[in-house]
Amino acid sequence: MRISDIQRCEVRPGRLVEWTFSPATVEAAAVLPPDPRPPAYIQESHIRTARSVREDGLFVPTWLGTAFDLPGRADLDALERALRSWTLRHETLRSGFRWADDDMHRFTLDERDVSLHREVVGDFADTNALVRYLQDRFDVAADALGWPNLIYAAVVREDSISVYMAFDHTNVDAYSLQRIPDEIHELYSADVAGRPAAGPPPGSYVDFCEQERTSADGIDDTHAIVARWREFIGRCEGRLPEFPVDLGLRPGDALPAQKLLCEPLVDAATAAAFEAYCRPYGGSLVGVLAATSLIVHELGGQPVYRTVVPFHTRLKSAWSDSVGWYVGGAPIEVPAARSFDDALATVRAELRANRSLARIPLARVLRLLGADFRPTSPDMYSIVSYVDARPTPGSARWAEQKAYGLIRVSYGDQVCAWVNRLDEGLWFACRYPDTEVAYKNVRLYVEKLRDFIRSVPAHDRSARDSQRVAEPAFL
């Protein structure tokens with residue numbers, strides 16, 4: 001799925017309709033007793049960061065969403081039933097948090113108490129006006145510090161419906177967003193056709209939060225994973241790693257506004273050739289990180305590229321189809337290499353050695369380290385992420401459906417980059433601080449990454465292949 005913002009996801013005019021939780025649902029939630037299942041560490045860290053930034057006087061929207069088309073004349077009753085059915089399938093969407101002094105407590109609605117309220121907002125003939133309205137509406141309705149923190153919308157036209165769904169990040173990750181178009185399409189089509197929708201109910205992310213937190217709370221500051229993070233952060237001069245190029249920022253500056261860069265990186269044939277070259281070392285993820293290490297060394301001169309690599313934590317089949325924020329991070333360190341193959345070997349070894357660290361939430365590790373990581377930015381560190389999205393159900397229809405994964409670009413001092421493998425090739429998206437220096441260096445990074453991916457398959461492989469036996473990908 002292409003990652004974009006609301007400004008660049010092919011919004012078209014039409015009649016706008018919204019769905020939110022009904023007043024009765026909100027009232028039912030207000031009197032619920034606490035749910036003993038705790039927030040995940042990543043949820044708590046996200047909400048505490050949002051609160052800290054808000055207390056500093058800055059409203060930083062951080063919602064995620066998806067946009068996609070449904071074909072044919074709109075049946076809004078069927079769509080409403082599909083949206084409610086989908087919401088009931090994923091328990092985290094009817095679960096929220098309240099503060100008691102400085103502690104967060106969960107509450108969770110019963111399915112029978114969940115209903116949606118539909119409102120026809122009006123007709124929009126101007127695309128820019130519609131985009132502005134959607135962004136402003138989602139900022140309020142999917143706020144990290146509010147509840148409910150999700151909203152569904154549809155732009156209705158004679159021959160199609162464009163669906164927009166926005167969520168606070170506590171409810172969803174990128175994989176969750178990728179599955180939504182196919183799930184909603186199936187529920188909607190089944191309702192219109194009068195047939196039962198396929199698929200068993202997925203596991204609950206709320207249950208996962210409890211299990212993960214219980215496991216994380218079972219370690220202390222003597223655990224080997226904590227020791228390895230302590231050493232890594234120490235080599236980062238007591239911080240989590242930033243993107244190691246000049247971003248035009250000065251210590252003590254206010255949190256800067258951000259910009260989004262998103263575009264095709266290479267076509268399908270080039271992506272396949274790059275994957276084939278990198279497969280003996282673990283595949284394209286290793287290749288993207290290895291190339292990045294060489295590029296940022298050229299641009300920034302740092303002798304070692306340090307980063308935190310995001311990995312999903314859906315380690316049991318019960319979580320495969322579940323909506324939630326199933327993400328952990330593993331640190332890697334890549335010294336400046338003499339060649340791409342050397343960098344590939346180093347990245348592969350680092351990921352093999354450190355991937356298990358992603359199973360313990362970083363927020364738990366930082367708490368055990370006792371370091372002062374007071375959250376002042378929505379991003380704790382910079383990332384370069386790679387995901388092959390092609391196995392996702394319905395991915396072959398994404399281009400036809402005009403399907404996008406949406407990110408809200410507002411404020412932040414880090415660089416967060418995503419490379420997604422789609423049927424049509426590699427798609428690149430990146431949030432970065434809105435400075436001339438950052439734009440110049442991020443633009444250089446993208447161009448060099450594109451050139452690198454295009455050139456690698458042309459390298460002479462004979463010497464390389466004669467020195468080692470290919471191994472299966474570890475990812």
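Which residues of helix α11 are buried? I started my notebook with that one. This is a predicted model, and I kept that in mind throughout.

**Entry 1: helix α11**

I looked up α11, which spans residues 362–369. Its buried residues are L362, R364, V365, L366 and L368. I noted that an arginine, R364, is on that list. Then I checked what comes after the helix: G370 follows α11, and its phi is positive, near 70 degrees.

**Entry 2: the seven-stranded sheet**

I traced the strand order and wrote down β1-β13-β3-β8-β7-β2-β6. These seven strands make an open sheet with mixed pairing. Which strands sit at the edges? They are β1 (2–4) and β6 (116–124), each of which pairs on one side only. I also took down the twist, which averages 20 degrees from one strand to the next.

Strand β7 (residues 150–156) pairs with strand β8 (residues 160–167) in the antiparallel sense, over seven bridges. To get my bearings I found V155, which stands opposite S162 in β8.

How many bridges join β4 to β5? I found six, between β4 (residues 95–100) and β5 (residues 103–108), and the two strands run antiparallel. W99 has M104 of β5 as its bridge partner. The two strands form a hairpin with two residues between them. D101 is in that turn, with a positive phi of about 60 degrees.

Most residues other than glycine have a negative phi, and most peptide bonds are trans. I went looking for exceptions.

- E10 has a phi near 60 degrees, positive in a residue other than glycine. E10 lies in the loop between β1 and β2 (14–21).
- K402 is not a glycine either, yet its phi is positive at about 55 degrees. I found K402 in the loop between α12 (398–401) and β13 (404–407). At 25% relative accessibility, K402 counts as partly exposed.
- W147 and P148 are joined by a cis peptide bond, with omega about 0 degrees. P148 belongs to the loop between α4 and β7.

**Entry 3: D139**

I stopped at D139 in helix α4 (residues 127–141). D139 has a relative accessible area of 8%, so it is buried, the cut-off being under 20%. What does D139 touch, leaving out residues up to four places away in sequence? I listed F59, P61, W63 and R408. I also took a distance to S4, which is 135 residues away from D139 along the chain. The C-alpha atoms of D139 and S4 are separated by 16 Å.

**Entry 4: α3 against α5**

Two packed helices are described by the angle between their axes and the distance between the axes. I looked up both for α3 (residues 76–89) and α5 (residues 174–193): the axes come within 9 Å and cross at roughly 130 degrees. That makes α3 oblique to α5. The crossing is right-handed.

Which residues make the contact? On α3 I have A78, L79, R81, A82, L83, S85, W86 and R89. On α5 I have I180, E183, I184, L187, Y188, D191 and V192. Sorted by type, the contact has ten nonpolar residues, one polar and four charged.

**Entry 5: α9 against α13**

I did this pair the way I did the last one. The axes of α9 (residues 284–300) and α13 (residues 436–455) come within 10 Å and cross at roughly 135 degrees. These helices are therefore oblique to each other, and their crossing is right-handed.

From α9, the contact uses A291, T292, L294, I295, E298 and L299. From α13, N441, L444, Y445, K448, L449 and F452 take part. How do these residues divide by type? I got eight nonpolar, two polar and two charged.

Notes. Residues numbered from 1 in each chain as written. Predicted model: local features only at pLDDT ≥ 70, side-chain atom pairs only at ≥ 80, totals over all residues. Heavy atoms only, no water. Axes fitted to C-alpha atoms, helices over the stretch in contact; angles between N-to-C directions. Helix = DSSP H or I, 4+ residues; strand = E, 2+ residues; numbered from the N terminus. Parallel < 35°, antiparallel > 145°, perpendicular 65-115°, else oblique. Left-handed = near helix turned anticlockwise from the far one by under 90°. Contact = heavy atoms within 4.5 Å. Nonpolar A, V, L, I, M, F, W, Y, C, P; charged D, E, K, R; others polar. Pairing = 2+ DSSP bridges. Buried < 20%, exposed > 50% of the residue type's maximum accessible area, 1.4 Å probe, protein only.
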